[in-house]
Amino acid sequence: MDTQKLFMVLLGCRPPGRFTEQHDIFFGIGSSLKDIVPQLIASWPEAKGQIHVDVFREVTSVGGYHIEIVERAEPAKETEEGLFFINLGGYKEGEFDEFHYKMLVVAKSQGEAIKVSKETAFYKHTGFKGAPSHVDDKYGIDVDDIYPVNEILSPAFKDKYRIKITEKPVAEDLIHLGYLH
């Protein structure tokens, strides 16, 4: 069997009736990005198959932790840490836009993950009085909009695999930028 990998993918499309490109994040498990294409497409039915990849990352390293995908049946050494996805939103004075910073954090709790997000340059420098940086969909930081990655995987992935987190410094993941259709 091929080694299974966790992929974080920024999807884009312009659904009917929209004037600008819309984006969403997808997490999938496969031996290659190509393996998860059917689940990618199924994850956004409103796109009617007219979907593309703007950015993807094979998730292997997050903040000094090694990330692996293992069979759910493999005995687990329970770890206190979890892998969290955070979507920070912020504003720049005079700019007609909301800017976003998507990040992964290994932490023992959502509260600890929030603390890490508040230390990013994005959080510290995007926002101003009356329009602070925030976890998207909230004003200020609120744990409701931070997602444990294992909880937002599709059932097909959750039923078969789990995320194994090991404290082990490894090289940072490559981020692949560019339009893939």
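This is a predicted model: local features need pLDDT of at least 70, side-chain atom pairs count only at pLDDT 80 or more; totals for chains, interfaces and linings use all residues.
1. Main core. The largest nonpolar core holds 34 residues. Leu6, Val9, Phe27, Ile67, Leu83, Leu104 and Ile163 are those with the most contacts inside this core. At least two residues each come from strand 1 (5–13), strand 2 (22–30), strand 3 (52–59), strand 5 (65–71), strand 6 (82–90), strand 7 (99–107) and strand 10 (161–167). Strand 1 gives the most, with 7 residues. As a general remark, nonpolar side chains tend to be buried together in soluble globular proteins.

2. Leucine 83. This residue is among those with the most contacts inside the largest core. With neighbours within four places in sequence left aside, leucine 83 is in contact with Leu6, Val62, Ile67, Leu104, Val105, Val106, Tyr147, Pro148, Val149, Ile163 and Ile165.

3. Another core, of 10 residues, lies apart from the largest one. Ile86, Leu88, Ala113 and Ile114 are among its residues.

4. Serine 61. This serine belongs to strand 4, which runs over residues 61–62. Serine 61 counts as buried because its relative accessibility is 0%, the cut-off for buried being under 20%. Residues up to four places away in sequence not counted, serine 61 touches Ile67, Val170, Ala171, Glu172 and Asp173.

5. Alanine 107. Its place is in strand 7. Alanine 107 also counts as buried, because its relative accessibility is 0%. Beyond its neighbours within four places in sequence, alanine 107 is in contact with Glu80, Glu81, Gly82, Phe84, Glu112 and Ala113. From C-alpha to C-alpha, alanine 107 and proline 15 are 35 Å apart in space, and they are 92 residues apart in sequence.

6. First aromatic pair. How many aromatic pairs does a search of the whole structure find? There are 2. One joins phenylalanine 27 and phenylalanine 85, with ring centres 5.6 Å apart and planes at 70 degrees; the pair is therefore edge-to-face, since planes over 60 degrees apart count as such. Phenylalanine 27 is in strand 2 and phenylalanine 85 in strand 6, so the pair links distant parts of the chain, 58 residues apart. Phenylalanine 27 is buried, at 3% relative accessible area, and phenylalanine 85 is buried at 7%.

7. Are the two residues buried or partly exposed? Tyrosine 101 counts as partly exposed, at 36% relative accessibility, whereas phenylalanine 122 is buried, with a relative accessible area of 15%.

8. Lysine over a ring. Lysine 92 lies over the face of phenylalanine 99, at 5.0 Å from the ring centre.

9. Strands in the order 4-5-10 make up an open sheet of 3 strands with antiparallel pairing. Which are the edge strands? They are strand 4 and strand 10, each of which pairs on one side only. Strand 4 is also where serine 61 has its place. Strand 5 pairs with strand 10 in the antiparallel sense over 7 bridges. Tyrosine 65 stands opposite glutamate 167 in strand 10.

How values were computed
Residues are numbered from 1 along each chain as its sequence is written. Side-chain values use heavy atoms; hydrogens and water are left out. A nonpolar core is a set of buried Ala, Val, Leu, Ile, Met, Phe, Trp, Tyr and Cys residues joined through side-chain atoms within 4.5 Å. Buried means under 20% relative accessible area, exposed over 50%, partly exposed in between (1.4 Å probe, protein chains only). Helices (H or I, at least four residues) and strands (E, at least two) are DSSP runs, numbered from the N terminus. Contact means heavy atoms within 4.5 Å. Rings of Phe, Tyr and Trp (its six-membered ring) pair if their centres lie within 6.5 Å; planes under 30 degrees apart count as stacked, over 60 as edge-to-face and the rest as tilted. A charge sits over a ring if NZ of Lys or CZ of Arg is within 6 Å of the ring centre and within 35 degrees of the ring normal. Two strands pair if DSSP finds at least two bridges between them.
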